[in-house]
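Q: I'm new to reading protein structures. Could you walk me through one, feature by feature?

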Amino acid sequence: MRAALAAARAPDPGATGTVVPSPNIWHWPDVYEVENHAQDSGGAIWGALRAAHDFAGRDVVDVGCGDGFHLPVFAASARSVTGVEPHAPLVERARRRVAELTNVTVLAGPAQRLPLAEASADLVHARTAYFFGPGCEPGLREADRVLRPGGALAVVDLDATAGPYGAWMRADMPHYDPSAVEAFFARHGFDCRRVDTLWRFPDRESLAAVLRIEFSPRVAERAIAESSGLTIPVRYRLHVRRKPTGIVRA
C-alpha cells in the first residue's frame with residue numbers, strides 16, 4: 001500500500017511530532033470509500049478480530065479511523081466507540097457518517113498523542129494506519145496508556161508475502177521487508193494471525209480506480225492487467241497484544 005510506503009520513508013512521527021499524510025484516502029476519499037466497500041467482502045477480518053478480542057459491550061478506540069467507515073460496525077455491539085483521526089477533512093466526514101450513532105465520538109488527534117484518558121479503553125484498533133513497524137513505538141506506548149488491564153491493541157496490516165497483492169506491494173516498495181516488520185511486532189509482544197480475504201468490486205472501473213490510488217502508475221497498470229475479474233485475494237496480518245492484568249515480573 002502506498003500509505004505504508006509513505007510511512008516507511010518518513011521520519012519517525014513520534015520523534016518529530018509530525019503526521020505522515022496518507023497518499024490514498026487523504027487525496028481520494030471517494031475512491032477509498034469504494035475500496036472500503038470492496039475489502040474483506042466475507043468479513044474474515046471482523047471474525048478474526050472478534051475471536052481474538054471480542055469487543056461486544058466494551059469501549060473501543062479506532063486509531064487512524066479515516067472517514068469513519070469501520071465505526072458503525074464497532075458501534076453495533078460495543079458500549080462506546082471513539083474514532084481518532086489526524087486529518088481534519090476526514091474528521092468531518094467521519095462525524096457526518098456517525099451523526100446518528102449515540103455511542104460514537106470522533107476526535108482529532110495523532111496516534112502518538114491520543115486525546116483520551118488513561119485506562120479508558122478495552123480495545124485499541126488500527127487498520128492499515130500508522131502502525132507499520134519500526135518507528136511506531138510512540139503509538140504503542142500511547143495504546144498501552146489508554147488501555148485498561150486486560151485490554152488489547154489490535155493492528156491489522158497487509159501481508160506482503162502473499163500474492164497477488166503482496167507481490168504488487170513488494171514491487172512498489174523494494175525496501176520493505178515484511179519479515180522484519182513481523183519480527184518487530186513479535187519483539188513487542190504481539191501474536192500474529194494471517195487472515196485471507198477477498199476484495200470484491202462492482203465493476204472493472206472501480207477495481208482499476210482503487211488500484212491506481214494504492215500503487216504507482218507502473219505497478220497499478222500491472223495489477224489491473226493481472227486482475228482478470230472483479231475480485232482480488234488479499235491476505236492480512238492481525239497483530240494482537242494484550243495489556244497484563246497484574247504485576248509483570250522481569
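Q: At what angle do helix 3 and helix 10 pack, and how far apart are their axes?
A: Keep in mind that this is a predicted model. To read a helix pair, start with the angle and the distance between the axes. Here helix 3 and helix 10 (residues 204-214) pack at about 115 degrees, and their axes are 9 Å apart. Angles from 65 to 115 degrees count as roughly perpendicular, so that is the label for helix 3 and helix 10. The crossing of helix 3 past helix 10 is left-handed.

Q: Which residues make that contact between helix 3 and helix 10?
A: Look at both sides of the pair. Helix 3 brings Val31, Tyr32, Val34 and Glu35, while helix 10 brings Ser206, Ala209, Val210, Ile213 and Glu214. Sorted by type, the residues of this contact are six nonpolar, one polar and two charged.

Q: How do helix 8 and helix 11 cross?
A: The axes of helix 8 (residues 165-172) and helix 11 (residues 217-226) come within 10 Å and cross at roughly 165 degrees. An angle over 145 degrees counts as roughly antiparallel, so helix 8 is roughly antiparallel to helix 11. This crossing of helix 8 and helix 11 is right-handed.

Q: Which residues of helix 8 and helix 11 meet?
A: From helix 8 you have Ala167, Trp168, Ala171 and Asp172, and from helix 11 Arg218, Val219, Arg222, Ala223 and Glu226. The tally for this contact of helix 8 with helix 11 is five nonpolar, no polar and four charged.

Q: How many residues are in the largest nonpolar core?
A: For a core, look at the count and at who has the contacts. The largest nonpolar core has 69 residues, and those with the most contacts inside it are Val124, Phe131, Tyr165, Leu211 and Leu238. Strand 5 (residues 147-158) gives the largest share of this core, seven residues.

Q: Is Val155 buried or exposed?
A: Check the relative accessibility. Val155 sits in strand 5, and it counts as buried because its relative accessibility is 1%, where the cut-off is under 20%. Leaving out residues up to four places away in sequence, Val155 touches Ala126, Phe131, Phe185, Phe190, Arg237, Leu238 and His239. As for Tyr32, that residue is 123 residues from Val155 along the chain, and their C-alpha atoms are separated by 20 Å.

Q: What about the backbone: which residues does a cis peptide bond join?
A: The general idea is that most residues other than glycine have a negative phi, and most peptide bonds are trans. In this model, a cis peptide bond joins Gly163 and Pro164, with omega about 0 degrees. Pro164 lies in the loop between strand 5 and helix 8.

Q: And what is the phi of Asp40?
A: Asp40 is not a glycine, yet its phi is positive, about 45 degrees. You'll find Asp40 in the loop between helix 3 (29-38) and helix 4 (44-52). With a relative accessible area of 10%, Asp40 is buried.

Q: Where is Thr128 found?
A: Thr128 is in the loop between strand 4 (121-127) and helix 7 (137-146). Thr128 also has a positive phi of about 45 degrees without being a glycine. Its relative accessible area is 14%, so Thr128 is buried.

Key. Residues numbered from 1 in each chain as written. Predicted model: local features only at pLDDT ≥ 70, side-chain atom pairs only at ≥ 80, totals over all residues. Heavy atoms only, no water. Core = buried A, V, L, I, M, F, W, Y, C linked by side-chain atoms within 4.5 Å. Buried < 20%, exposed > 50% of the residue type's maximum accessible area, 1.4 Å probe, protein only. Helix = DSSP H or I, 4+ residues; strand = E, 2+ residues; numbered from the N terminus. Axes fitted to C-alpha atoms, helices over the stretch in contact; angles between N-to-C directions. Parallel < 35°, antiparallel > 145°, perpendicular 65-115°, else oblique. Left-handed = near helix turned anticlockwise from the far one by under 90°. Contact = heavy atoms within 4.5 Å. Nonpolar A, V, L, I, M, F, W, Y, C, P; charged D, E, K, R; others polar.
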